[in-house]
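Take a moment with the sequence and the structure below. Then read on for a short tour.

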Amino acid sequence: MLSPSVTKRLIALHGWSGTVLSILLYVVMLTGAVIVFDDEILRWSRDAAPPQALIDRPIHADVAALAARVPPALRGEVLIAGHSSGHRRVAFTGRGPADAEPMTAEFLLDRDGAVVRRLDAPTDDLRRADPHMALERFIVDLHVQLHLPAPWGLYATGVLGLTMLVAAISGALIHRHLVRDAFLARRPGGRVASARDAHVLAGVWGLPFAALLAFTGAFLSFALSLGLPIVAMVAFGGDQRQALEAVLGAPRAADAAPGPLADLDAIVADAARRADAEPLAVTVEDYGARGAEVRVIHAPASGALTGATLVYDGATGGFVREHVLVGAAPSLGSALVSLAAPLHFGTFAGLLSRAVWAGLGAAMTYAVVSGVDLWLRRREGDQFWAVCRRAMVCVVWGLPFAMACAAVAFFATVGVGTPWTATPAGFLTGCALAVGWTCLARRGDAAALGRDLRAAAGAALLVLPLIRVAAGGAGWPDALWTRDPAVAGIDLAVALLGLWLLAPALRAAGEAAFAAARRSGAVQAARNRAKGASAPPD
Amino acid sequence: MTRDGATSTDGGWFERRAAVARALLAGPVALLLAVLSMAAAPLVLPPGRGGVDHLVLPVVAFPLIWAAAVLYPVMTARPGRAAAAMGAILALELAIVMSALL
């Protein structure tokens with residue numbers, strides 16, 4: 001049992017840790033809840049065709065035909081995987097000197113094996129060369145590093161993860177009756193007590209999830225930006241490449257003599273049987289050499305959190321070993337590192353686990369917002385904190401509005417090839433409009449401001465599917481029957497979210513209209529009564 | 001002085017001093033302790049079966065060590081004892097790191 005003074009200090013730590021960085025924490029959490037569906041957002045951004053599974057069609061002949069079309073210098077590594085456009089992706093990447101910029105030749109193949117696009121570019125510029133990735137990358141970068149330059153963005157999101165971890169642990173410690181609080185009946189009305197109940201409910205239910213997300217998020221942010229340089233400094237004399245090779249493994253010294261590649265389709269079939277899971281991608285290192293190595297990457301098998309990567313001898317097609325993410329053999333360290341990403345992104349059980357993660361992420365976002373709102377409402381008598389509350393309301397509803405504006409700008413420009421600049425410009429325009437409205441709105445009531453901005457976000461989301469179609473995207477009959485289900489699914493989700501955001505404003509408008517109608521009816525009735533009273537009796 | 005490090009008579013000064021000490025320990029000192037833990041641990045942990053546990057586990061544990069170092073001075077009744085404990089850990093970690101670098 002904690003003493004009252006310890007509880008008091010923990011409440012202060014809980015309040016300050018959640019409040020000081022709350023705006024940035026809210027940005028990271030809301031975008032995190034959205035970007036759980038980054039794959040679907042990318043397919044929606046492209047009007048994608050239904051996705052091809054790796055085992056839908058043989059790959060060996062495709063790869064052999066394409067390898068003949070690229071220079072030998074680009075055959076260092078071959079990647080065969082699905083693509084968000086619904087096509088099959090085969091990418092050849094060169095492995096030149098360490099200081100040279102690697103180049104990639106990327107092919108997209110349709111279901112008949114015909115090349116629908118070839119792109120030759122420096123490997124690091126491949127994404128940038130694809131205009132359809134602008135919206136998804138914008139949201140991912142906002143979540144991962146708040147669009148700050150490296151490594152400061154990763155430091156910032158790492159500190160936010162730690163802040164959330166401290167808020168979650170202190171929240172667990174100050175709630176003496178967690179089970180009872182989980183079934184708390186929220187008191188009605190807009191009072192502070194009601195807001196506290198809502199915050200406690202969302203916080204208690206999301207507590208384990210918040211701690212998990214905060215811990216894995218902080219690890220993912222700090223691992224390469226801070227952990228690697230420090231470990232390299234003390235254990236490898238500052239040589240980060242040597243530290244990375246110690247953890248991930250040194251480059252193979254393969255036999256470079258020319259040699260045929262074993263049947264990739266037989267390897268993929270054998271790997272699928274061994275892993276008892278769907279193969280997602282195949283890589284071939286040193287393609288065309290006797291020392292080639294094939295890796296088959298799988299989705300998690302039923303009941304597993306991580307997918308297996310199986311390694312095969314490229315010359316004989318024989319199974320060699322299961323790849324370990326870090327280190328030479330399975331160990332506690334490799335198990336913990338390989339769990340971090342699936343537990344953070346919720347990718348271990350397909351769409352279902354990602355949907356649960358998005359829902360829990362939304363609940364934690366609500367817990368952050370309701371906690372800060374509670375903290376600010378208790379101080380609303382002070383002018384400074386009243387201004388802070390309006391600023392918080394502006395961010396809470398301005399962010400979804402700005403994200404919707406970014407999506408509108410993306411769809412309006414993706415056809416003309418400038419979405420990489422238009423998407424952030426649309427976001428900044430949305431931010432400026434939200435801030436401008438907050439400054440100009442004469443009503444001092446934060447609730448009314450929130451309703452206005454919420455309605456704006458709802459309206460922007462509601463028109464988004466219309467703009468996608470108007471900008472040349474697939475129409476709904478096409479989206480429903482011939483396209484990837486993600487296209488119609490995201491359209492529907494965006495429209496429903498828009499309606500939900502618009503609902504309070506629509507309800508208020510309806511009530512105002514009803515009240516006006518009642519008033520005019522009452523006035524008319526009063527006039528009629530007055531006429532009746534003044535009329536001479538028969 | 002009470003167990004919370006404050007006095008009941010002229011407690012204002014002691015309370016402020018304890019609050020400042022807690023803020024320093026939970027802020028910059030906690031960060032320094034966590035970073036130095038990550039730097040010192042690879043030099044003392046065993047590499048494990050895969051040969052990387054001593055490199056990977058400190059990085060994995062970094063957020064947990066930092067969170068613990070933030071919470072400890074806030075929860076303890078005696079910030080002086082927390083300062084002594086955290087100072088001793090810092091000195092030990094610094095000695096390990098310096099022995100590797102020099």
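The paragraphs below go through the salt bridges and then the interface between the chains.

This is a predicted model. Over all chains, a search of the whole structure finds 20 salt bridges. One of them joins A:R43 and A:D484, with the closest N and O atoms 2.4 Å apart. These partners sit in distant parts of the chain, 441 residues apart. A:R43 belongs to helix α3 of chain A, residues 38-46. A:D484 lies in the loop between α16 (476-481) and α17 (485-534) of chain A. Both A:R43 and A:D484 are buried.

Turn next to A:D62 and A:R88. Their side chains meet in a salt bridge, at 3.3 Å from N to O. This pair also links distant parts of the chain, 26 residues apart. A:D62 is in helix α4 (residues 60-67) of chain A, and A:R88 is in strand β2 (residues 88-93) of chain A. Are these two buried or exposed? A:D62 has 13% relative accessibility, and the cut-off for buried is under 20%, so A:D62 counts as buried. A:R88 has a relative accessible area of 2%, so A:R88 is buried as well.

Strand β2 of chain A also holds A:R89. Which residue does A:R89 pair with in a salt bridge? The partner is A:E106, and the closest N and O atoms are 2.6 Å apart. A:E106 lies in strand β3 (residues 103-109) of chain A, so the pair ties together parts that are 17 residues apart in sequence. A:E106 has 5% relative accessibility, so this residue counts as buried.

Now look at where the chains meet. Here 30 residues of chain B are in contact with 39 residues of chain A. The area buried between chain B and chain A is about 2,900 Å². Carbon and sulfur atoms give 82% of that area.

How many salt bridges are counted between chain B and chain A? The count is zero. Polar contacts do occur: six residue pairs make them across the interface of chain B and chain A.

Which parts of chain B touch chain A? In chain B, α1 (11-44), α2 (53-75) and α3 (79-101) each supply at least two residues to the touching side. The most comes from α2(B), with 15 residues. By type, the residues on this side of chain B divide into 24 nonpolar, two polar and four charged.

Key: Residues are numbered from 1 along each chain as its sequence is written. Chains are lettered from A and ligands numbered from 1 in the order in which they are written. This is a predicted model: local features need pLDDT of at least 70, side-chain atom pairs count only at pLDDT 80 or more; totals for chains, interfaces and linings use all residues. Side-chain values use heavy atoms; hydrogens and water are left out. A salt bridge is a side-chain nitrogen of Lys or Arg within 4 Å of a carboxyl oxygen of Asp or Glu. Helices (H or I, at least four residues) and strands (E, at least two) are DSSP runs, numbered from the N terminus. Buried means under 20% relative accessible area, exposed over 50%, partly exposed in between (1.4 Å probe, protein chains only). Contact means heavy atoms within 4.5 Å. Buried area is the accessible area (1.4 Å probe) that two parts lose on being put together, summed over both. A polar contact is a pair of N or O atoms within 3.5 Å; within protein, one must be able to donate a hydrogen and the other to accept it, and residues adjacent in sequence count only if both atoms are side-chain atoms. Ala, Val, Leu, Ile, Met, Phe, Trp, Tyr, Cys and Pro count as nonpolar, Asp, Glu, Lys and Arg as charged, and the others, Gly among them, as polar.
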